[in-house]
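Subject: Model handover and findings

Hello,

Here is the structure for your files. My notes on it follow below.

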Amino acid sequence: MNSASGGEERPPEPTMAPTGSLPHVTQEAQGDAWVVTVVGAFDLNSVSALSAALESGVRTHSTVVVDASGLTFADSTVLNLLLHFHRKAVLRVASPASPLARVLALTGADRVLDVRPTVADSIGG
């Protein structure tokens, strides 16, 4: 692209990723369960927020539900974290998006973890 002053090409303007695409975690009590909702890609660099939310849930509730419907990427760090908290409390994984469902199926963790189709099913017992 030529500028009006001298015909020099300008580098493209930097852009920021929309906030909605960054990995984030929300958490709240729903009935007797602590629901942790994950959105985005989680790996070694971003899993600390998920770990902290699960730790909060384990301290305050007997059932912790991970709403994984918005998960766009999950590596072995996420799998190890889920298995760790599975040993500490009643942990249910609700509506795992295909990246997590694939990791769970390939590793056999879907036979160890309590995977449910929806958050409502996970809370209901």
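In which strand does Phe73 lie? Phe73 belongs to strand 3, which covers residues 63-74. Before going further, please keep in mind that this is a predicted model.

Overall make-up

The protein chain has four helices and five strands. Read from the N terminus, the order of its elements is β-β-α-β-α-β-α-β-α. The chain has 125 residues, and 35% of them count as buried. Its accessible surface is about 7300 Å², and carbon and sulfur atoms hold 55% of that. Among contacts with a separation of 6 or more, 64% are between residues 24 or more positions apart.

Strand 3

Phe73 is partly exposed, at 40% relative accessibility. With neighbours within four places in sequence set aside, Phe73 is in contact with Gly40, Ala41, Phe42, Asp43 and Pro99.

Asp67 is also placed in strand 3. Is Asp67 buried or exposed? Asp67 counts as buried, because its relative accessibility is 14% and the cut-off for buried is under 20%. Leaving out residues within four places in sequence, the contacts of Asp67 are Val35, Val36, Thr37, Val38, Ala94 and Val119.

Helix 1 and helix 2

Helix 1 spans residues 48-60 and helix 2 spans residues 76-86; their axes come within 11 Å and cross at roughly 10 degrees. Helix 1 is therefore roughly parallel to helix 2, since angles under 35 degrees count as roughly parallel. On the helix 1 side the contact involves Leu50, Ser51, Leu54, Glu55 and Val58, and on the helix 2 side Val78, Leu81 and Phe85. Sorted by class, this contact has six nonpolar residues, one polar and one charged.

Leu54, in helix 1, is buried with a relative accessible area of 0%. Not counting residues up to four places away in sequence, Leu54 touches Leu81 and Phe85, and also Val36, Val64, Val66 and Leu91. Leu54 and Ala89 are 35 residues apart along the chain, and their C-alpha atoms are separated by 9.7 Å.

Two loop serines

Ser46 is in the loop that joins strand 2 (33-42) to helix 1. Ser46 counts as buried at 15% relative accessibility. Once residues up to four places away in sequence are excluded, Ser46 touches Pro23 and Ala41.

Ser95 sits in the loop between strand 4 (90-94) and helix 3 (98-107). What is the phi of Ser95? The value is positive, about 45 degrees, although Ser95 is not a glycine. Most residues other than glycine have a negative phi. At 26% relative accessibility, Ser95 counts as partly exposed.

Strand 5

Asp114 is found in strand 5, residues 114-116, and Arg116 lies in strand 5 as well. Which side chain does the side chain of Asp114 make a polar contact with? The partner is the side chain of Arg116, at 2.8 Å. The side chain of Arg116 also reaches the backbone oxygen of Asp121, at 2.9 Å. Asp114 is partly exposed, with a relative accessible area of 25%, whereas Arg116 is buried, with 18%.

Apart from neighbours within four places in sequence, Asp114 is in contact with Leu91, Arg92 and Val93. The C-alpha atoms of Asp114 and Ala94 are 8.5 Å apart, and the two residues are 20 apart in sequence.

To go through this on screen, I would take the points in the following order:

- the contact of helix 1 with helix 2, including Leu54 and Phe85;
- Asp67 with its contacts, among them Val36 and Val119;
- the loop between strand 4 and helix 3, where Ser95 lies;
- the polar contact between the side chains of Asp114 and Arg116.

Regards

How values were computed: Residues are numbered from 1 along each chain as its sequence is written. This is a predicted model: local features need pLDDT of at least 70, side-chain atom pairs count only at pLDDT 80 or more; totals for chains, interfaces and linings use all residues. Side-chain values use heavy atoms; hydrogens and water are left out. Axes are lines fitted to C-alpha atoms, for helices over the stretch in contact, and angles run from 0 to 180 degrees between N-to-C directions. Angles under 35 degrees count as roughly parallel, over 145 as roughly antiparallel, 65 to 115 as roughly perpendicular and the rest as oblique. Contact means heavy atoms within 4.5 Å. Ala, Val, Leu, Ile, Met, Phe, Trp, Tyr, Cys and Pro count as nonpolar, Asp, Glu, Lys and Arg as charged, and the others, Gly among them, as polar. Buried means under 20% relative accessible area, exposed over 50%, partly exposed in between (1.4 Å probe, protein chains only). A polar contact is a pair of N or O atoms within 3.5 Å; within protein, one must be able to donate a hydrogen and the other to accept it, and residues adjacent in sequence count only if both atoms are side-chain atoms. Accessible areas come from the Shrake-Rupley method with a 1.4 Å probe; for residues, only the protein chains shown count as cover.
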